[in-house]
Amino acid sequence: MTTLRIQVINPNTSLAMTQTIGEAARMVASSGTEILPVCPSHGVPSIEGHFDEAIGAMGVLEQVTLGERAGVDGHIIACFGDPGLLAARELATGPVVGIAEAAMHMATLVATRFSIVTTLPRTVIIAHHLLRQYGFEHHCQAVHSIDLPVLSLEDGTGFAQQKVRERCIQAKAQDNCGAIVLGCGGMANLARELSHELCIPVIDGVSAAVKMVEALLGLGLGTSKQGDLAKPNPKPLTGPYTIFNDPSVM
């Protein structure tokens with residue numbers, strides 16, 4: 001049986017979060033799928049705004065480039081802002097799926113209305129931008145914040161995880177939503193327990209993206225190279241961007 005190799009890219013530099021994301025991906029991956037969790041060596045330790053996303057997007061593109069050279073079959077962008085998603089699709093031959101896009105798609109398949117629980121108040125606004133961009137605005141009942149930074153999910157205290165649980169319970173009661181989307185890659189390991197406790201689907205985008213990439217690859221589908229997702233026009237890049245000069249990728 002052919003092994004699928006899926007690269008799961010954490011766009012921040014947190015090794016602990018990369019491990020959490022990788023474990024969540026492996027929990028749902030098929031037996032013939034190899035999960036390759038990676039993160040950039042340079043960048044920001046967490047992604048919590050537009051500036052962070054711009055920096056993280058360069059790390060995503062670097063890892064996609066390296067993954068394409070290594071012959072991986074597909075890529076997942078494991079940050080709820082989906083930084084660099086369309087640019088990554090230009091570079092990649094196989095599927096590239098962002099965890100926000102994947103989770104929102106999955107939520108609409110199991111419920112008519114869903115709510116999102118994310119980290120900081122500013123990421124609530126970013127989630128609303130994504131809902132409009134992806135066409136899911138009318139499916140989302142509300143977006144809630146635990147009002148804690150992303151890295152609090154990795155501090156070992158369990159406080160952030162408890163806040164996620166409380167917000168999910170609140171969302172179910174107040175929003176009358178049929179499903180909840182977890183709005184941070186660092187929440188990836190909470191979905192199953194919360195689904196069981198709340199008795200509604202609680203969706204982690206990392207897991208959702210793994211199954212989507214597997215499905216696309218199983219159908220023999222990669223990223224279209226026609227139109228705006230065609231390979232980038234070859235041009236010499238300088239400074240830290242020389243990694244993209246390889247003609248086999250560009």
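How many bridges join strand S5 (residues 114-118) to S6? Five bridges do, and the two strands run parallel.

## What you're looking at

This is a predicted model, where local features need pLDDT of at least 70 and side-chain atom pairs count only at pLDDT 80 or more, while totals for chains, interfaces and linings use all residues. Residues are numbered from 1 along each chain as its sequence is written, and side-chain values use heavy atoms, with hydrogens and water left out.

A quick word on labels: helices (H or I, at least four residues) and strands (E, at least two) are DSSP runs, numbered from the N terminus. Two strands pair if DSSP finds at least two bridges between them.

## The sheet with S1 to S4

Let's start with the sheet ordered S2-S1-S3-S4, an open one made of four strands with parallel pairing. At its edges sit strand S2 (33-38) and strand S4 (96-98), each pairing on one side only. From one strand to the next, the twist averages 20 degrees. Angles here run from 0 to 180 degrees between N-to-C directions, and axes are lines fitted to C-alpha atoms, for helices over the stretch in contact.

Strand S3 (residues 74-77) pairs with S4 in the parallel sense, over three bridges. Touching, or contact, means heavy atoms within 4.5 Å. Helix H1 (residues 15-28) lies across strand S1 (4-9) and S2, and runs at about 165 degrees to S2.

## The sheet with S5 to S8

Now for the sheet in the order S6-S5-S7-S8: four strands, open, with parallel pairing. Strand S6 (140-145) and strand S8 (202-204) are the edge strands, each pairing on one side only. Here the twist averages 25 degrees from one strand to the next.

Back to S5 and S6, with their five bridges: Ile116 has Val143 of S6 as its bridge partner. H5 packs on the sheet by touching S5 and S6, and its direction makes about 155 degrees with that of S6. H7 packs on the sheet too, touching strand S7 (179-182) and S8, with its direction at about 170 degrees to that of S8.

## Where H4 meets H5

Helix H4 (residues 99-110) and helix H5 (residues 121-134) have axes that come within 11 Å and cross at roughly 65 degrees. That makes H4 roughly perpendicular to H5 (angles under 35 degrees count as roughly parallel, over 145 as roughly antiparallel, 65 to 115 as roughly perpendicular and the rest as oblique).

On the H4 side, the contact uses Ala100, Glu101 and Met104, and H5 brings Ala127, Leu130, Leu131 and Tyr134. By class, that's six nonpolar, no polar and one charged (Ala, Val, Leu, Ile, Met, Phe, Trp, Tyr, Cys and Pro count as nonpolar, Asp, Glu, Lys and Arg as charged, and the others, Gly among them, as polar).

## Where H6 meets H7

The axes of helix H6 (residues 159-175) and helix H7 (residues 191-198) come within 11 Å, crossing at roughly 40 degrees. That makes H6 oblique to H7.

H6 makes this contact with Val164, Arg165, Cys168, Ile169 and Lys172, while H7 uses Leu194, Glu197 and Leu198. Sorted by class, the H6 contact with H7 has five nonpolar, no polar and three charged residues.
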